[in-house]
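User: I would like to learn how to read the features of a protein model. Could you please guide me through one example?

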Amino acid sequence: VALLGAGQPEDAYTEFAWALAIDSHYALARSGLEACLSAIPKWKSREAQRRWRLSQDSGRPRAFTKVWMISDLHCDQKGNAEWCQLLDDAEFQEDVLIVAGNVAETYRAVIQSLKVLRGKFRRVFYVPGNRDLALNASEVRTSRFPDSIAKLLALLKACEEIEVDVLPAAIGQDVYVVPLFSWYNAEFDKRSRPDPNIGFDSQCVWPLDQHQLWKWMLKLNEAHLHVYRGTVLTVSHFLPL
């Protein structure tokens, strides 16, 4: 409660989620968690505001900006992690890399892989995928995270520490990268419906049902959706389901 009152909903969320994991009927924890879910998408905490480096490269000539994009690195696999390590240390130092999710299944592997890539490129942008947010068996066994939102928040905090961008930013004059948080949603499809008995990503643990989850993910984008004049590169891990 003190963390939430101090304007730190990200840290407070994890504490409330652990309390509910121990006692799912704990009313104070439930109301606190719901307050955190409402506050987090506003990005008002000091910690969240530090992540937004919108204008850092706004004066950089666009002609000198090359953008690469990759997804589904799955660096839990030894060969994929080695591929990242073997990228040239100098060749891409003026370039930007967009990593569109599914870096790895464990928190440690995600951050280690992003840290390696950050050393290879001038800037790295990252948006989480479904496997990044799964609770790997080792993370369940060691009680690393109470749920997948807590893991998401931990990943975002670690990205700030290693200077990997997770929010929109200019990468050159009138050129912007805009990462978009998202999750599965089939409401656009009026002709066919997914089988409600088939669950997606069963290793993910959420405090929201699937219908509310994708809406909450989209809310994470709203505070940073402005009119960006120039070339805008949006990125998300999810395609329509």
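Analyst: The following dialogue takes up sheets, crossovers, helix packing and single residues in turn. The model is predicted, so local features need pLDDT of at least 70 and side-chain atom pairs count only at pLDDT 80 or more, while totals for chains, interfaces and linings use all residues. Residues are numbered from 1 along each chain as its sequence is written, and side-chain values use heavy atoms, with hydrogens and water left out.

User: How are strands and sheets read, and what is the order of the strands in the open sheet with parallel pairing?

Analyst: Helices (H or I, at least four residues) and strands (E, at least two) are DSSP runs, numbered from the N terminus. Two strands pair if DSSP finds at least two bridges between them. Here, three strands form an open sheet with parallel pairing, in the order β1-β2-β3. β1 and β3 are the edge strands, each pairing on one side only. On average, and with direction ignored, neighbouring strands of this sheet are turned by 20° against each other. Such angles run from 0 to 180 degrees between N-to-C directions, and axes are lines fitted to C-alpha atoms, for helices over the stretch in contact.

User: How many bridges join β1 to β2, and how many join β2 to β3?

Analyst: Strand β1 (residues 67-70) is joined to β2 by four bridges, and the two run parallel. Across this pairing, Trp-68 stands opposite Leu-97, and Ile-70 stands opposite Val-99. Four bridges also join β2 to strand β3 (residues 123-126), again in parallel. There, Val-96 has Arg-123 in β3 as its bridge partner.

User: Are the residues on the two faces of β2 buried or exposed?

Analyst: Buried means under 20% relative accessible area, exposed means over 50%, and partly exposed lies in between (1.4 Å probe, protein chains only). In strand β2 (residues 96-99), both faces are covered: Val-96 and Ile-98 on one side, and Leu-97 and Val-99 on the other, are all buried.

User: Through which helix does the chain cross from β1 to β2, and what is the hand of the crossover?

Analyst: A crossover is right-handed if, with the strands pointing away from the viewer, the path from the first strand over the helix to the second runs clockwise. The chain passes from β1 through helix α5 (residues 78-86) to β2, and this β-α-β crossover is right-handed. From β2, the chain crosses through helix α6 (residues 107-120) to β3, and this β-α-β crossover is right-handed.

User: How is the packing of two helices described, and at what angle do α6 and α8 pack?

Analyst: Two packed helices are described by the angle between their axes and the distance between the axes. In this model, α6 and helix α8 (residues 148-161) pack at about 25°, with their axes 11 Å apart. Angles under 35 degrees count as roughly parallel, over 145 as roughly antiparallel, 65 to 115 as roughly perpendicular and the rest as oblique. α6 and α8 are therefore roughly parallel to each other. A crossing is left-handed if the near helix is turned anticlockwise from the far one by less than a right angle, and right-handed if clockwise; that of α6 and α8 is right-handed.

User: Which residues of α6 and α8 meet?

Analyst: Contact means heavy atoms within 4.5 Å. From α6, Tyr-107, Val-110, Ile-111 and Leu-114 meet Lys-151, Ala-154, Leu-155, Ala-158 and Cys-159 of α8.

User: With which residues is Glu-160 in contact, neighbours within four places in sequence aside?

Analyst: Glu-160 lies in helix α8 and counts as buried, at 16% relative accessibility. Apart from neighbours within four places in sequence, Glu-160 is in contact with Glu-47, Arg-50 and Arg-51.

User: Which strands make up the other open sheet, and in what order?

Analyst: That open sheet has three strands in the order β4-β5-β6, with mixed pairing. β4 (169-172) and β6 (231-235) stand at the edges with a single partner strand each, so one side of each has no neighbour in the sheet. Its neighbouring strands are turned by 30° against each other on average, direction ignored. Five bridges join strand β5 (residues 175-179) to β6 in parallel, and Val-177 stands opposite Leu-233 in β6.

User: What is the phi of Trp-43 near?

Analyst: Phi of Trp-43 is near 55°, a positive value in a residue other than glycine. Trp-43 lies in the loop between α3 (27-39) and α4 and counts as buried at 6% relative accessibility.
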